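Visitor: Hey, I've got a protein open on my screen and I'm a bit lost. Could you walk me through it?

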Amino acid sequence: MSKTLRMAAAILFFYAAMALSAGAAGAKAAVVEHTFVVKQVNMRHLCNDTLVTLVNGQFPGPAVEATEGDTVIVHLINESPYGMTIHWHGVKQTLSCWADGADMITQCPIQPNTTFTYRFNVTGQEGTLWWHAHVSILRATLHGIIIIRPKSGSYPFQKPHMDVPVIIGEWWQRDLMKVDKNFSTGGHFSDNPAGATINGKLGDLYNCPGFVEDNFILNVEQGKTYMLRLVNAVLFSEYYFKVAGHKFTVVGADANYVKPYTTDVVGIAPGETIDVLMVADAPPCRYYMVALANQPPAPDPQIPVFMSRGVVQYKNAPINVGSNCIKEAVMPEMPDQHDTLTSFYFHGNLSGLAGHSLLAQIQGHIDEHLYIALGKGSICKGNKPSCRRGLSDEAILVAYMNNVSFHLPEKMSILEARQHAKTNGAFRGVEDLPSRPPWSFNFTDPALIPVVPGGKLEELEATRKETTMRRFAHNAVVEVVFQSTATMQSDSNPMHLHGHDFFVLAQGHGNYNPVRDVNGYNLVDPPLKNTVQVPRLGWAAIRFVADNPGAWFLHCHFEFHIAMGMATVFEVANGPTVDETLPRHLQIFQNAQI
């Protein structure tokens, strides 16, 4: 037996023993254990065979289902040719930052033909989250849902008859590693998926000669209530989701309950999860469920229209051949693909349940204020101090926060540096993320969108490439205002923070005004999220309590933005007691080095 396999066997035995011990210690909390085998397989769609990287041969990958308070153990066996990490998106990882799975932030990649075991608790969280690869662009095919059910078995709303995962994804026929390299070296908007999927199925819009694509089919019974657990796992686009003839009651977002409200359309950005109740109260028939990508209008770069259809099918629908239900499912009227206001109003309608334990803290003194401009600029090739810009071949396009584009460490993860106190010198150019942009201008001026030589944007393009962090004292109250800009594009920005939920206090269009806009903050019942959709040409304000020690990635969940550098790290200090101190986890450093 090889050294690697012996080590893998020892680790699996160790965690199996711990699982048995935990199970014997008490019946209230269980151990949920999975083995993820990552390998490449061929799949046939759109009349083509494509080599894709999957977990256990599944697309989407296996669901992780647990009850609040459980311990989750996942043994990852990497049989792919790529370094690998898995991020448990939205899991708070309280005092277990080393299990967060952020490549070169909390661990080095798990190398081919090696294994790694993730272990974490799902305490204090209920609802829908998801997992995905956090190395390069591989999350396009390496992702799955996480469902955390309440320990009591009851919800703050009527218990649904059935849970229905609905994962909106994409099907790619390109070499994903080349796509990632294209974006990290300047961006190529010709790199697009081949189609959209619902639960891994492209649907009947993508039939090709001699090959019929399956639709996802949800069989329902008249009068029953179904909880649709929506996940946006795509790389590029926010999606609108509708079911013809039905309305939704929104009850959760990012594994936090919200005040129920009724709508017929959901706007869901990459990284977000939304829980909705749907009552099967329409006339018995067949109804399309539709996921449609939106995008900003020109002069932003335009991508093809992506849409996928599933079918909601009543069990007692008419079966005679002449029935319209048999001939064609009912199609909903979708928003226009360039309509971004529907998303703005959908997210603006979210509000949280009263009485959260951290609400009083974020209503009081604020220890840290950050104003972060999100945009695109350029750096000079070869680290030259100056160069021609405006799409010149002397410059590389990048994405930034406050005009600093994030450089991912190459030799040591940030968490390892923290554990070994090697922050200085461990990374290239470590510096504090600036609290504000280096200069003020009309961030949302549409004249900044076109990238042309001598254009208005050119004098604002200059950007630096550095590894940035922002350090917070334990239990500090932090306010962040994200400002979307029009620099090279006017898109929205789904910003995701690892390790913490945050309160979304307000959103708006145009440039944030601290004197005017703070008066509109919702400090009574703001929703708790882990991903906030910062509106197109607008802003969003959040607050959170930095109470979870570790190194936590903050980034845009549009893949081209994170690949181009729209990211930073929030480092949270240990607290004064052992129960507020991040313990060491040597497996991170011994079993996953590059």
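Visitor: Predicted, okay. What does the chain average for pLDDT?
Guide: The average is 90, and 91% of the residues score at least 70.

Visitor: Got it. Which residues touch the most other members in the largest nonpolar core?
Guide: That core has 97 residues, and the ones touching the most other members are Trp88, Tyr118, Val480, Phe482, Met495, Val532 and Phe544. Strand β31, residues 538–546, gives the largest share of this core, with seven residues.

Visitor: Let's pick Val480. What does Val480 touch?
Guide: Leaving out residues up to four places away in sequence, Val480 touches Leu370, Ile372, Ala540, Ala541, Ile542, Phe544 and Phe570.

Visitor: And what's in the second core?
Guide: The second one is separate and has 48 residues, including Val164, Phe248, Tyr261 and Phe306. As a general point, nonpolar side chains in soluble globular proteins tend to be buried together.

Visitor: Changing topic: how many salt bridges does a search of the whole structure find?
Guide: It finds 26. One of them is between Asp163 and Arg229, where the closest N and O atoms are 3.3 Å apart. Asp163 is in strand β9 (residues 162–171) and Arg229 is in strand β12 (residues 225–232), so this pair ties together parts that are 66 residues apart in sequence.

Visitor: Is Arg229 buried or exposed?
Guide: Arg229 is buried, because its relative accessible area is 1%. Asp163 counts as buried too, at 18% relative accessibility.

Visitor: Where are Glu479 and Arg543, and how many residues apart are they?
Guide: Glu479 is in strand β26 (residues 476–484) and Arg543 is in strand β31, 64 residues apart. They form a salt bridge with the closest N and O atoms 2.7 Å apart. Glu479 is buried at 6% relative accessible area, and Arg543 is buried at 7%.

Visitor: Which residues do salt bridges with shared partners join into one network?
Guide: Glu65, Arg149, Asp163, Arg229 and Asp275.

Visitor: What about Arg471, which salt bridge does that one form?
Guide: Arg471 pairs with Asp432, with the closest N and O atoms 3.2 Å apart. Arg471 sits in strand β25 (residues 468–472) and Asp432 in strand β23 (residues 431–432), so to speak two distant parts of the chain, 39 residues apart. Arg471 is partly exposed, with a relative accessible area of 38%, and Asp432 counts as partly exposed at 47%.

Visitor: Helices now! Which residues of α2 are buried?
Guide: Helix α2 covers residues 176–184, and Leu176, Val179, Asp180 and Phe183 are buried there. They cover an arc of only 100° around the axis, which puts them on the same side of α2.

Visitor: What do the buried residues of α2 pack against?
Guide: They pack against α9, residues 559–564. The face of α2 turned away from its buried side carries Lys178 and Lys181, which are exposed.

Visitor: What caps the N-terminal end of α2?
Guide: Asp175 does, with a side-chain oxygen 3.0 Å from the backbone nitrogen of Met177. Just after α2, Gly186 takes a positive phi of about 130°.

Visitor: And which residues are buried in α4?
Guide: In helix α4 (residues 341–348), they are Ser343, Phe344, Phe346 and His347. Seen down the axis of α4, these buried residues fall within an arc of 165°, so they line one face of the helix.

Visitor: Last one: where is His45?
Guide: His45 is in strand β1, residues 31–45. His45 is buried, at 11% relative accessible area, and a polar contact of 2.8 Å joins its side chain to that of Glu213.

How values were computed
Residues are numbered from 1 along each chain as its sequence is written. This is a predicted model: local features need pLDDT of at least 70, side-chain atom pairs count only at pLDDT 80 or more; totals for chains, interfaces and linings use all residues. Side-chain values use heavy atoms; hydrogens and water are left out. pLDDT is the predictor's confidence in each residue, from 0 to 100. A nonpolar core is a set of buried Ala, Val, Leu, Ile, Met, Phe, Trp, Tyr and Cys residues joined through side-chain atoms within 4.5 Å. Buried means under 20% relative accessible area, exposed over 50%, partly exposed in between (1.4 Å probe, protein chains only). Helices (H or I, at least four residues) and strands (E, at least two) are DSSP runs, numbered from the N terminus. Contact means heavy atoms within 4.5 Å. A polar contact is a pair of N or O atoms within 3.5 Å; within protein, one must be able to donate a hydrogen and the other to accept it, and residues adjacent in sequence count only if both atoms are side-chain atoms. A salt bridge is a side-chain nitrogen of Lys or Arg within 4 Å of a carboxyl oxygen of Asp or Glu. The arc is that of the directions from the helix axis to the C-beta atoms.
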